[in-house]
Amino acid sequence: MFVSIKHKLFLTLLAATGLVCLGMILIMQWSIDRGFLQYVNTMEEERLERLAIELEEAYADRLSWDFLRQDPVNLFRLLLRTLPEGRFSPEQLERFERRMQRHREFGPGAGGKRAAIRPDSFEKRIVLLDQQRQPVYPLPPLRTDLPFRTLQHDGETIGYLGIVPRKDLADANQLRFIREQRLAMILIAGLLLLVSALLALPLASRMVRPIRILADATRKLAAGDFATRVTVERTDELGQLAQDFNSLALALESNELARRQWVADISHELRTPRAILRGEIEALQDGVRQPTPQAIASLHGEVLRLNRLIEDLYQLALSDVGALTYRKCEVDLINLLRQVLEPLHGEFARKGIALQLEGLENKIPPLFADPERLQQLFSNLLENSLKYTDSGGRLEIRLQPLENALVMHFMDSAPGVPERDLERLFERLYRVDNSRNRDTGGAGLGLSICRNIVTAHGGEISARPSPSGGVWITLRLPT
């Protein structure tokens with residue numbers, strides 16, 4: 001059976017309040033019963049003190065306990081004096097004495113039910129002993145293990161007075177008071193449950209509302225609506241969850257835009273050489289052009305360019321998924337750099353770009369790297385500078401050995417790259433030239449491959465403006 005979070009939360013709050021109310025009732029009931037019983041016993045102890053004074057005065061008049069042994073009603077007369085003032089009127093006291101007289105003369109059943117004395121009453125629990133600890137009231141059997149108060153006359157002990165403490169409440173007024181308190185606590189608990197129910201339902205609705213909004217937004221996001229966002233109105237965990245959802249939606253939207261741009265860029269890059277090949281082949285078929293060596297060479301060049309683009313895409317895809325193979329060994333970086341520069345000296349000379357090398361004389365420890373991938377890395381960086389540096393410019397390559405790393409700087413001259421585009425230079429298929437003219441460069445995959453190669457070697461690569469007006473590429477490779 002499906003139960004919504006709202007109702008689960010409502011029932012949880014209601015159950016928690018019910019348990020608190022039940023615990024409160026039990027604790028308060030125990031506290032009242034125990035505290036009220038202690039209060040009653042304390043009041044009886046005080047009454048016992050007053051009775052002790054009355055007994056000492058009565059003994060001083062008679063110098064014997066025989067007046068109690070012969071007529072126990074005398075003890076009840078003394079007990080009446082220990083009651084609080086105003087509790088009984090003179091007429092009530094007179095009727096009480098007549099009932100006690102009938103009780104003494106005719107037994108416990110005399111005078112009807114009202115004449116009987118309850119076994120748990122104050123009178124029935126009093127224990128009075130004489131100076132030899134012989135019972136005066138009541139007659140045996142009696143308890144002698146009580147805390148007795150010593151009765152004295154003229155400095156001599158004349159008896160001992162004690163009372164059996166109550167273990168339970170039996171007085172009608174006391175029991176009525178306990179019942180009233182229990183009823184009041186039950187009414188309070190019921191009122192608390194009602195208030196809790198009235199507050200828990202809107203509170204549960206308010207707490208569940210952000211979850212419902214997030215659930216609806218998640219369904220939209222799963223359906224492909226990556227522009228979905230939720231309003232962050234809270235600062236608690238639900239607010240943090242809303243912020244995380246917005247971040248996730250933004251990342252998915254960015255990835256979707258990047259995927260679409262990636263597909264569009266690949267289509268564009270593949271369409272250009274394909275269109276050229278198709279046009280030249282159709283021209284040959286129609287007889288517009290003759291199959292001369294120059295025409296065949298043009299077709300071959302376009303095929304090589306298309307093959308190079310496909311190979312770059314393949315290499316980039318392999319590096320993205322981590323499937324690009326690396327065969328690492330100890331590499332002499334300076335010799336490797338010279339091998340890469342050797343076939344490119346003529347290209348740089350024909351374009352009038354001066355090469356300036358610094359730091360090659362430094363003693364650099366061997367790198368544990370893949371020489372073929374490093375060669376690909378340096379070739380991409382050098383060809384990138386060769387394509388985009390104006391004639392008459394220069395390229396400065398500087399090696400800077402550090403304690404645990406080697407830093408290489410590639411600084412070319414103008415033209416430069418706007419600072420807003422520097423961070424995007426290493427994105428796949430990104431070029432500053434939005435027209436994507438084939439004459440101004442490649443497909444924009446070289447630097448993306450460079451970044452993946454450097455990352456695979458545990459290094460870092462970054463770009464910033466060059467002091468000579470171009471781009472300053474910095475490599476940091478661990479030694």
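This is a predicted model: local features need pLDDT of at least 70, side-chain atom pairs count only at pLDDT 80 or more; totals for chains, interfaces and linings use all residues.
Contact here means heavy atoms within 4.5 Å. Arg451 lies in helix H12, and once its neighbours within four places in sequence are set aside, Arg451 is in contact with Phe426 and Ile461. Phe426 sits 25 residues from Arg451 along the chain, yet the C-alpha atoms of the two are separated by 6.5 Å.

After H12 comes Gly458, which has a positive phi near 75°.

H12 also has a helical partner. Two packed helices are described by the angle between their axes and the distance between the axes. For helix H10 (residues 371-388) and helix H12 (residues 446-456), the axes come within 9 Å and cross at roughly 145°. The crossing of H10 past H12 is left-handed. On the H10 side, the residues that meet H12 are Arg373, Gln376, Leu377, Asn380, Leu381 and Asn384. Their counterparts in H12 are Gly446, Leu447, Ile449, Cys450, Ile453 and Val454.

Spanning residues 73-81, H3 is mostly covered, with seven of its nine residues buried. The buried set consists of Val73, Asn74, Leu75, Phe76, Leu78, Leu79 and Leu80.

Val195 belongs to helix H5 (residues 172-222), and its 37% relative accessibility is why Val195 counts as partly exposed.

Most residues other than glycine have a negative phi, and most peptide bonds are trans. Arg133, which is not a glycine, has a positive phi of about 60°. Arg133 is found in the loop between strand S1 (126-130) and strand S2 (135-137), and it counts as partly exposed because its relative accessibility is 46%. Asp154 is another such residue, with a positive phi near 55°. The loop that holds Asp154 runs between strand S3 (149-153) and strand S4 (156-163). With 69% relative accessibility, Asp154 counts as exposed. A cis peptide bond is found between Ala414 and Pro415, where omega is about 5°. Pro415 is placed in the loop between strand S9 (405-413) and helix H11 (419-422).

Finally, some totals put these details in context. The protein has 12 helices and 11 strands. Of its 479 residues, 36% are buried. Among contacts with a separation of 6 or more, 68% involve residues 24 or more positions apart. The accessible surface comes to about 29,000 Å², and carbon and sulfur atoms account for 55% of that surface.

Notes
Residues are numbered from 1 along each chain as its sequence is written. Side-chain values use heavy atoms; hydrogens and water are left out. Helices (H or I, at least four residues) and strands (E, at least two) are DSSP runs, numbered from the N terminus. Buried means under 20% relative accessible area, exposed over 50%, partly exposed in between (1.4 Å probe, protein chains only). Axes are lines fitted to C-alpha atoms, for helices over the stretch in contact, and angles run from 0 to 180 degrees between N-to-C directions. A crossing is left-handed if the near helix is turned anticlockwise from the far one by less than a right angle, and right-handed if clockwise. Accessible areas come from the Shrake-Rupley method with a 1.4 Å probe; for residues, only the protein chains shown count as cover.
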